[in-house]
Amino acid sequence: MSFGEDTSEMCLFNVKDGFLEAVVRGYKLGLLTTSDYNNLCQCETLEDIKLYLTGTDYGPFLANEPSPMHTTTLVDCCTRKLVADWRYLRENAGEPMGRFLDYCTYGHMIDNVVLIVTGTLHERDVQELLEKCNPLGMFDAIASLAVAQNMRDLYRLVLVDTPLAPYFSDNLTSEDLDEMNIEVMRNTLYKAYLDDFASFVHRVGGTTGEIMSELLSFEADRRALNITLNSIGSELTRDDRRKLYANFGLLYPHGQAELAVAEDFDQIRSAMEKCPPYQAIFSRLGLGETQMLDKIMYEEEVRQLVNTFEQQFHYGVFYAYMRLREQEIRNVMWIAECVAQDQKARVQDGIVFTF
Amino acid sequence: MKARLAGATKGHSLLKKKADALNMRFRQILRKIVETKEEMGRVMKASFFSLAQAKYATGDFKHTVFDSIDQASLKVKASTDNVAGVRLPKFEAQREAGGAADSKIGLIGLGTGGKQIQECRKSFVTAVDLLVELASLQTAFLTLDEAIKTTNRRVNALEHVVKPRLENTIAYIKGELDELEREEFFRLKKVQGNKKKHTEAAEALEAAQRAKGGGAVGNGARENKAANVLAAEQDADIIF
């Protein structure tokens with residue numbers, strides 16, 4: 001990166017994207033803080049949680065909810081807040097930021113497409129499926145996905161107009177829809193998406209490229225780790241497993257090769273520990289404590305996301321904001337579940353503090 | 001009649017035994033139900049918590065699970081159990097070793113949270129096992145309850161209605177027979193007394209005639225005739 005490019009980025013970023021960056025930094029201040037979480041943990045009922053959240057940025061979204069609260073309604077309200085924020089950002093974004101924001105939501109879009117496709121294969125009600133879709137991953141033609149009866153139709157009629165088209169055409173053939181396991185399909189698509197996203201941020205370059213590739217490689221590595229962990233003992237072959245790993249990340253390619261052949265947790269561990277950042281993570285983990293791994297990974301992710309706010313003039317903050325909000329929604333859900341199920345002793349297990 | 005009474009008594013004691021047996025089983029089942037219910041509460045709590053954990057890790061995975069399943073892997077088999085002649089329905093959970101379904105479920109949440117989903121599945125399977133057991137116990141409980149009620153009703157009916165009625169009848173018949181006997185005895189006595197009186201009167205008359213010193217022959221014939229009439233009367237009385 002030449003000095004000139006860097007300077008011009010600093011000079012010109014605010015011309016187009018300065019406003020939105022300011023907005024997103026404003027949104028960031030609305031994220032729940034540690035003291036908020038501490039207060040939420042003290043709540044005795046879901047009503048208390050609602051009352052407390054009304055005092056935060058979620059207020060307008062929760063105020064009109066009728067009284068018998070459920071965890072799902074609570075989570076829905078919080079999601080609505082994120083969606084509203086995101087729509088506002090997207091509507092005001094110019095290029096190439098608009099594309100960047102779209103890229104952030106492709107992951108949800110993949111989930112939605114997979115949901116609808118499998119749902120239709122099993123003849124479920126489309127309306128019901130649409131309600132279950134993540135609102136961030138919605139696109140106009142999504143309802144018409146249900147029309148397609150086989151992969152070729154699906155691709156020809158619907159998907160070709162969506163941004164997901166290349167992922168489908170490059171990785172799946174028409175026979176796959178019926179034969180391949182849906183989870184394998186989902187992860188194949190996700191891998192293609194991550195690769196594409198990585199090359200996109202690389203093209204954008206500058207601080208954005210730098211920061212985003214860091215975040216994305218962490219995401220890719222975490223997925224690789226999770227896939228390995230979850231596929232131990234299943235029928236997934238090593239080659240299949242290898243195909244689901246993204247083509248970048250700190251583990252690429254040697255670490256992934258080791259992960260692909262790992263058969264138990266210790267082998268995974270030794271594969272991961274060859275990479276210095278992950279060695280630190282695994283050293284926090286006692287022997288045999290696989291349960292805590294998820295939480296530690298979440299914490300690591302949150303730490304990286306928060307760090308993106310330290311730098312200015314880049315798009316990473318938007319991605320970070322979305323991920324932080326999602327983590328926050330998960331936290332709220334966890335607290336609400338613990339309160340609703342009278343398991344307050346375990347409330348700390350699921351919360352990942354952001355600030 | 002006596003045979004019927006004996007039958008009733010025997011039936012009563014048998015039914016009583018059955019009722020006792022049923023009651024014993026009933027108590028057993030009741031105890032088991034209480035235990036299972038407590039266990040159920042615990043397991044359900046743990047299951048729902050693990051569901052929450054899985055949701056935390058994966059988001060909403062309900063439809064993914066729905067869509068990857070086409071046949072139940074757990075089936076409930078109904079059979080009957082016999083306790084003292086009462087048929088109790090019994091349910092058993094049967095695991096179908098469906099390779100395809102298992103492998104499909106095994107891959108759910110491959111990207112994130114697969115392990116939590118498996119945990120969740122495991123705990124819910126134990127919950128279902130418990131539920132089936134509880135259902136079996138509950139239906140057995142209800143059927144037994146019904147059976148015990150009818151048995152008790154029968155026992156009570158035998159004890160308080162049939163047996164007293166039979167006893168009453170027997171007592172009445174006995175009383176009636178006694179009375180007949182007594183009447184007969186009395187009548188015999190009376191007849192005997194009458195006979196005695198007549199013979200005494202006849203003897204007195206004869207003695208008086210003999211004392212007169214042999215009266216007129218015609219007189220004697222009349223006396224004879226009168227005696228004959230008396231004798232005929234006496235015959236009729238006996239016949240009667």
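How many helices and strands make up the secondary structure of chain B? Chain B comes to five helices and two strands, where helices (H or I, at least four residues) and strands (E, at least two) are DSSP runs numbered from the N terminus. Along the sequence these elements follow the pattern α-α-β-β-α-α-α. The model is a predicted one, in which local features need pLDDT of at least 70 and side-chain atom pairs count only at pLDDT 80 or more, while totals for chains, interfaces and linings use all residues. Residues are numbered from 1 along each chain as its sequence is written, and chains are lettered from A and ligands numbered from 1 in the order in which they are written.

Of the 240 residues of chain B, 18% count as buried; a residue is buried if 20 or more other C-beta atoms, placed from the backbone, lie within 10 Å of its own. Two residues are in contact if their C-beta atoms, placed from the backbone, lie within 7 Å. Among contacts in chain B between residues at least 6 apart in sequence, 82% join residues at least 24 apart. UniProt, in an unreviewed entry, places a "coiled-coil region" at residues 163–208 of chain B; such annotations may be inferred rather than shown by experiment. In the model this span is 100% helix and 0% strand, and its end C-alpha atoms lie 67 Å apart.

Turning to the interface, 22 residues from chain B meet 30 residues from chain A. On the chain B side, H1(B) provides the largest share, seven residues. That side divides into eight nonpolar, eight polar and six charged residues, with Ala, Val, Leu, Ile, Met, Phe, Trp, Tyr, Cys and Pro counted as nonpolar, Asp, Glu, Lys and Arg as charged, and the others, Gly among them, as polar.

Chain A is divided into domain 1 (26–69 + 316–354) and domain 2 (205–313), with bounds from an automatic or database domain assignment. The centres of the two domains, taken over C-alpha atoms, are 27 Å apart. Contact between them involves 11 residues of domain 1 and 12 residues of domain 2. Helix H18 (residues 316–340) of chain A gives the most to the domain 1 side, with seven residues.

Terms used. A residue is buried if 20 or more other C-beta atoms lie within 10 Å of its own, exposed if 12 or fewer, and partly exposed in between; C-beta atoms are placed from the backbone.
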